[in-house]
Amino acid sequence: MLPADIPAVHELEVRLFPVDAWPLHMFVDELAQPETRRYLIAEAPEGIVGYAGLMCVEPIADVQTIAVVPEYEGRGIGSALLRELIDEGRRRGAADVLLEVRADNPRAQQLYRRFGFEQIHVRRKYYRDGVDALIMRLQLEDVLAVHEDVIHADPVQQHPVQPEPVRPDPRQHDPRRSGETTPTKADQQ
């Protein structure tokens, strides 16, 4: 996505997300941060038909937005955009890719599950119309393995050091919260 694409993307944003549309300046602000952001468009002869964006602040990549116009759904455009965002997260060293999806959007949820995302949390009434957001995560195993080798390498002996066992924090898991995780710092903000 280039700055010249923003007016057309914003027009689609308002059409596709009438209740939760980003203001135009938000796209401008996002594109102004290439060190942590990557935005893409999908084009057809008649113009832009999809767009997507990723924020990556290591070790987390977050899908900021992804959309395809209804007339072009089912043609693999959403999959191609998502695949590129995931690849960008890998290139930037992310261990996880997170996203929010409307609880009433099973089509999008199915797409994310096909890519290996799993639901880890629910944000109640997250959207302006009161619909919950499902928080989904994709763990980038290959990136984690690379980070583990770096973290646990002994620079003097040049071989892996056995990590100390990790003991679960009892505050992190409460079976009464079925399916929810402890809110992160980002959740609290």
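Lys125 sits in the loop between β5 (118–123) and β6 (133–139). Helices (H or I, at least four residues) and strands (E, at least two) are DSSP runs here, numbered from the N terminus. The phi angle of Lys125 is near 50 degrees, a positive value in a residue other than glycine. Lys125 is also exposed, at a relative accessible area of 65%; exposed means over 50% relative accessible area, buried under 20%, and partly exposed in between (1.4 Å probe, protein chains only).

A word on the model itself: it is predicted, so local features need pLDDT of at least 70 and side-chain atom pairs count only at pLDDT 80 or more, while totals for chains, interfaces and linings use all residues. Residues are numbered from 1 along each chain as its sequence is written, and side-chain values use heavy atoms, with hydrogens and water left out.

Another loop worth a visit lies between β2 (47–57) and β3 (60–68), where you will find Pro59. The peptide bond leading from Glu58 to Pro59 is cis.

| Site | Angle |
|---|---|
| Glu58 to Pro59 | omega near 15 degrees |
| Lys125 | phi near 50 degrees |

Now for the whole chain. Its six helices and eight strands follow the order α-α-β-β-β-α-β-α-β-β-α-β-β-α from the N terminus. Of its 189 residues, 38% are buried. Taking contacts (heavy atoms within 4.5 Å) between residues at least 6 apart in sequence, 56% join residues at least 24 apart. The chain exposes about 11900 Å², with carbon and sulfur atoms supplying 54% of that area; accessible areas come from the Shrake-Rupley method with a 1.4 Å probe, and for residues only the protein chains shown count as cover.
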